[in-house]
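Thanks for coming, everyone. Please take a look at the next slide, and then I'll walk you through it.

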Amino acid sequence: MIRDDLAEWLHDSDPALRWQIQRDILGVPEKVWQVTRTRVATEGFGAELLARQDTDGQWAGGAFFPAGWESDTDEPQPWTGTTWALKDLREWGVDAADLGNTAQWLKANPRWEYDDLPY
């Protein structure tokens, strides 16, 4: 069991974290953490990332890398491309239904930066 003040501090977080804290640390009933999880797509980190989705379904204009990023520079990979956005949304608990037409857009539009293969 954790201290009450620590539990309160953990609970006062973004829905993307809160539902997992409720489930894994605080042991609240599933009915409670599932309600919190549904808020990820409309509040906080999840809503912000969804709002940054490009009109063609990608994030940052690229499948793995953002558009225009060159691997032969000294700049590190910024981790903002579509693959990473989708990974984050999955880990934060966004339901696939909250992604709207993303699957269709990703089937039609992006290509992998390597060999120009379909995403």
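Start with a criterion: a charge sits over a ring if NZ of Lys or CZ of Arg is within 6 Å of the ring centre and within 35 degrees of the ring normal. By that test, Arg23 lies over the face of Trp33, 5.6 Å from the ring centre. Arg37 lies over the face of Trp19, at 4.6 Å from the ring centre.

Some ground rules. This is a predicted model, where local features need pLDDT of at least 70, side-chain atom pairs count only at pLDDT 80 or more, and totals for chains, interfaces and linings use all residues. Residues are numbered from 1 along each chain as its sequence is written, and side-chain values use heavy atoms, with hydrogens and water left out.

Now the helices. Helices (H or I, at least four residues) are DSSP runs, numbered from the N terminus. Two packed helices are described by the angle between their axes and the distance between the axes. Axes are lines fitted to C-alpha atoms over the stretch in contact, and angles run from 0 to 180 degrees between N-to-C directions.

Take H1, residues 4-11, and H2. Their axes come within 9 Å and cross at roughly 150°. H1 and H2 are therefore roughly antiparallel, a label for angles over 145 degrees. Who touches whom? Contact means heavy atoms within 4.5 Å. Ala7, Leu10 and His11 of H1 meet Arg18, Ile21, Gln22, Ile25 and Leu26 of H2. By class, that contact has five nonpolar, two polar and one charged residues. For the classes, Ala, Val, Leu, Ile, Met, Phe, Trp, Tyr, Cys and Pro count as nonpolar, Asp, Glu, Lys and Arg as charged, and the others, Gly among them, as polar.

Next, H2 (residues 15-26) against H3 (residues 30-38). The angle is about 170°, with the axes 8 Å apart. So H2 and H3 are roughly antiparallel to each other. Pro15, Arg18, Trp19, Gln22 and Arg23 in H2 meet Val32, Trp33, Thr36 and Arg37 in H3. Here the count is four nonpolar, two polar and three charged residues.

Zoom in on Thr36, in helix H3. Is Thr36 buried or exposed? Buried, with a relative accessible area of 5%. The scale: buried is under 20% relative accessible area, exposed is over 50%, and partly exposed is in between (1.4 Å probe, protein chains only). Leaving aside neighbours within four places in sequence, Thr36 contacts Pro15, Arg18, Trp19 and Gln22.

On to Gln58. Gln58 lies in the loop between helix H4 (44-51) and helix H5 (82-92). At 7% relative accessibility, Gln58 counts as buried. Beyond neighbours within four places in sequence, its contacts are Gln53, Ala63, Thr82, Leu106 and Pro110. Thr82 is also one of the buried residues of H5, with Thr83, Trp84, Ala85 and Leu89. The buried residues of H5 pack against H4 and helix H6 (102-108). Just after H5, Gly93 takes a positive phi of about 95°.

Last, aromatics. Rings of Phe, Tyr and Trp (its six-membered ring) pair if their centres lie within 6.5 Å; planes under 30 degrees apart are stacked, over 60 edge-to-face, and the rest tilted. The whole structure has eight aromatic pairs. Phe64 and Phe65 have ring centres 4.9 Å apart and planes at 80°, so the pair is edge-to-face. Phe64 is partly exposed at 28%, and Phe65 is partly exposed at 24%. Ring pairs link Phe64, Phe65, Trp69, Trp79, Trp84, Trp112 and Tyr119 into a cluster.

Methods
Helices (H or I, at least four residues) and strands (E, at least two) are DSSP runs, numbered from the N terminus. Angles under 35 degrees count as roughly parallel, over 145 as roughly antiparallel, 65 to 115 as roughly perpendicular and the rest as oblique.
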